[in-house]
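Here's a quick briefing on one helix and some aromatic rings. Have a look at the model first.

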Amino acid sequence: MNKNKPQAGVKRILIANRGEIAVRVIRTCREMGIETVAVYSEADKDNLHVRLADKAVCIGPAPSSKSYLVMQNIVMAALNTNSEAIHPGVGFLSENAAFARLVKENGIIFIGPDPDVIELLGDKVKARETAQKYGLPITPGTGAVNAKDGKAVEAAMKLGFPVIIKAAAGGGGKGMRIVRKSEELAENISIASREAESNFADGTVFIEKYLENPRHVELQILADGNGNVAVLGERDCTVQKNHQKLIEESPSPGVTEKMRKAMAAGAVPMFKELKYRGAGTIEFLADGNNFYFMEVNARVQVEHPVSEYVTNVDIIRQQILACTEGRMEINPNAITLNGWSIECRINALTPGAITRLEIPGGIGVRFDSFLYNGCFVPPHYDSMVAKLIVHGTDRNHALARMDRALRELVIEGIKTNIERQRFIINHNVFRSGDFGTSWYAQIEKEVENGR
């Protein structure tokens with residue numbers, strides 16, 4: 001039992017997630033004096049988040065479709081444990097408006113925006129229209145299209161190839177296809193739509209003009225639903241493999257102070273008007289001094305620790321306070337960025353039992369993970385098993401610290417991408433800070449061969 005005096009309006013929160021993010025939420029809850037309830041699949045019965053929580057409830061077999069995505073089981077677990085709120089974490093049901101609505105209908109607080117706001121922002125076509133309303137530039141694109149609609153080819157021709165097909169309800173690179181020739185469009189719309197339906201239960205897709213080598217930049221937002229909106233600087237997520245982020249940093253080496261202010265100038269009134277509540281991220285593609293709205297993630301992001309490091313704000317704590325009490329402990333007008341932070345995602349390339357784990361330490365080093373010696377990494381879920389985050393006085397200092405920390409990190413029993421991450425952060429192009437989203441594809445063979 002948690003003996004600390006509760007510092008928020010709720011006494012018990014159920015975390016509707018697993019792994020690293022569940023551990024992350026539990027730790028902040030414990031500091032706030034809030035009891036936690038973990039949910040877990042049969043494959044995760046020995047997961048660290050199950051061990052750390054005050055209570056734990058099994059919600060189904062290993063496949064996420066039969067456990068972490070079964071919203072009725074999660075809500076029932078919350079009701080049976082007298083949980084007053086549900087934190088959705090990242091992925092799974094975190095941006096599912098139907099889930100948020102079900103939670104609310106059962107008298108439980110959803111730690112996230114209102115279901116109607118999630119629904120609006122979750123539809124990327126509607127989100128683009130909303131962003132445009134507040135003066136944020138968007139990449140040229142279409143509304144919803146389908147493979148049998150001849151107008152799709154006509155629209156793509158007007159945009160000019162290459163174009164990118166995106167899932168309206170998607171994220172994480174799912175339901176996304178780059179098309180360079182008109183004769184390949186219909187087939188790729190069908191593929192993207194099927195993938196979107198499989199991953200998000202919504203096969204709606206749309207088309208945008210594809211920018212060949214932009215930077216991927218995002219603003220971290222915190223809002224209390226009562227008109228107070230804080231921008232915790234930007235993150236750079238440009239290093240990606242197949243649209244999956246590998247390395248993130250804050251601030252971005254490609255964003256000027258003028259760009260930063262311009263992004264925030266459009267984002268803040270939009271989030272105020274929406275009465276947005278909790279943590280959120282507004283994502284942009286930056287091309288030189290120009291930037292274009294891409295999407296809003298109506299939840300906390302995997303890479304939030306780099307923003308925490310440079311602002312000294314516990315984003316999970318403020319998210320909980322905003323959603324349970326309608327307040328935050330921070331002054332939106334007093335956010336300052338200090339130093340530089342970098343995060344490397346550590347991915348499992350194979351499942352298996354951890355036979356040896358040595359975690360790096362020292363000043364400015366943080367390791368967020370669900371790993372421990374002897375634990376088993378199952379094959380059923382996302383491959384990310386840990387995040388290594390560092391903070392330094394400037395970018396060069398942070399890079400030196402990351403290199404040192406990656407050298408110290410030992411994970412045995414499974415194959416990981418640790419050495420690949422070391423190769424990337426020591427590459428002369430990455431060190432220069434001058435690169436775009438297509439850069440990793442250009443050096444991928446070098447990375448995998450370690451030269």
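This is a predicted model: local features need pLDDT of at least 70, side-chain atom pairs count only at pLDDT 80 or more; totals for chains, interfaces and linings use all residues.

Residues are numbered from 1 along each chain as its sequence is written, and side-chain values use heavy atoms, leaving out hydrogens and water.

**Helix 12**
- Helix 12 takes in residues 395-408; helices (H or I, at least four residues) and strands (E, at least two) are DSSP runs, numbered from the N terminus.
- Its buried residues (under 20% relative accessible area, 1.4 Å probe, protein chains only) include R395, L399 and M402.
- Those buried residues of helix 12 pack against several elements, among them strand 20 (384-392) and helix 14 (428-432), with contact meaning heavy atoms within 4.5 Å.

**Aromatic pairs**
- There are eight aromatic pairs in the structure; rings of Phe, Tyr and Trp (its six-membered ring) pair if their centres lie within 6.5 Å, and planes under 30 degrees apart count as stacked, over 60 as edge-to-face and the rest as tilted.
- Y68 and F92 are stacked, because their ring centres sit 5.0 Å apart with planes at 15°.
- Y68 is buried at 0% relative accessibility.
- F430 and F435 also make a stacked pair, at 5.3 Å centre to centre and 25° between the planes.

**Charges over rings**
- R395 lies over the face of F430, 4.9 Å from the ring centre; the cut-offs are NZ of Lys or CZ of Arg within 6 Å of the ring centre and within 35 degrees of the ring normal.
- R18 lies over the face of F370, at 5.4 Å from the ring centre.

Definitions and conventions
The expected span of a helix is 1.5 Å times one less than its number of residues. Buried means under 20% relative accessible area, exposed over 50%, partly exposed in between (1.4 Å probe, protein chains only).
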